[in-house]
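I opened this notebook to record what I looked up in the structure. The entries begin with the sheet, then turn to one helix and to the whole chain.

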Amino acid sequence: MIDNKNGNSRFFLSCLLSLFFTALIFGSSFYVYKSFPVPEEEIPAEIEEEVEEEEEVLFYEDDQIPEFASYLKEVSLVKDSSSDRGLYLYRQQTSKAAVEWFYSHVTGNREVSDSILIEAEKNDIPLSLAFSLAYTESRYRSNAVNSNSNSSIDRGLFQLNSNSFPNLTEEDFFNPAVSAKYGMSHLKFCLDTAGNEISALAMYNAGTGKVRSNRTPQSTLNYVGKIMSYQDTLDRLFEEQVASYYELQLSPSFSVAYKK
């Protein structure tokens, strides 16, 4: 009888220890899971719902674009890419998936959004500026085509001109990765030359010579106004839907300098 009692006691103690270690392992696993960033497919549903509700405001009609001259008074002429919240969060492993998710929803095409993100990051270009340029140029359509009065043709995501890029094949023009590579490289050249976003965008559209000689056409000024207005909306949506979830990750130097 004594042996049976001892055996029962040992069995009961083993069960208690097993339950204890099971609970400990489960608790540790849950802590580790919560410590890791949320994968792209697990981004909270409420964020996706808010983006879907807001997406329509990204697309402006011509009569909604503010007059360029008055709009310039409200925007900063120079935006330091080193303090761009989008670029910073895209470069962090804990928030990169959220940035990719946001812009894939903005464009409606993951291949297009990834192409722009990769090349914008390489050239140190603010993400909202890169995507605003792509939207205004092609509405994010990699097969977009526009014929010019000088018989040249603009093709693809960033509307690369056939005269400016004679070595590209038609397949190259319509490849979003190739278009983003050359489009972002040219925008970087314009930014370095002009020193501010507005003049750089004017150069991208009208050419460096016209802008430098103060012969920028009105159509280019309207074009720049559309980009800046769209960028303003992108910045605000990004702040609400992505950046606000990573405030602890952003240093105090990342002040919210979005246009009022």
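Entry 1, the sheet. I first noted the rule for pairing: two strands count as paired if DSSP finds at least two bridges between them. The model I examined is predicted. In it I found three strands that form an open sheet in the order β1-β2-β3, with antiparallel pairing. I then asked why one side of β1 and of β3 is left without a neighbour in the sheet. β1 (145-147) and β3 (160-161) stand at the edges and have a single partner strand each, so one side of each lacks a neighbour there.

I looked up β2 (residues 153-155) and recorded two bridges to β3, in the antiparallel sense. For aspartate 154, I found that the bridge partner in β3 is asparagine 161.

I asked how many of the 10 residues of α10 (residues 197-206) are buried. Eight of them are, and I noted the helix as mostly covered. Among the buried residues I listed Leu201, Met203 and Tyr204.

After the helix comes glycine 207, and I recorded its positive phi, near 105°.

I counted 12 helices and three strands. Of the 260 residues, 40% count as buried. I recorded an accessible surface of about 14800 Å², 53% of which belongs to carbon and sulfur atoms.

Conventions: Residues numbered from 1 in each chain as written. Predicted model: local features only at pLDDT ≥ 70, side-chain atom pairs only at ≥ 80, totals over all residues. Heavy atoms only, no water. Buried < 20%, exposed > 50% of the residue type's maximum accessible area, 1.4 Å probe, protein only. Helix = DSSP H or I, 4+ residues; strand = E, 2+ residues; numbered from the N terminus. Areas by Shrake-Rupley, 256 points an atom, 1.4 Å probe, with all protein chains shown as cover.
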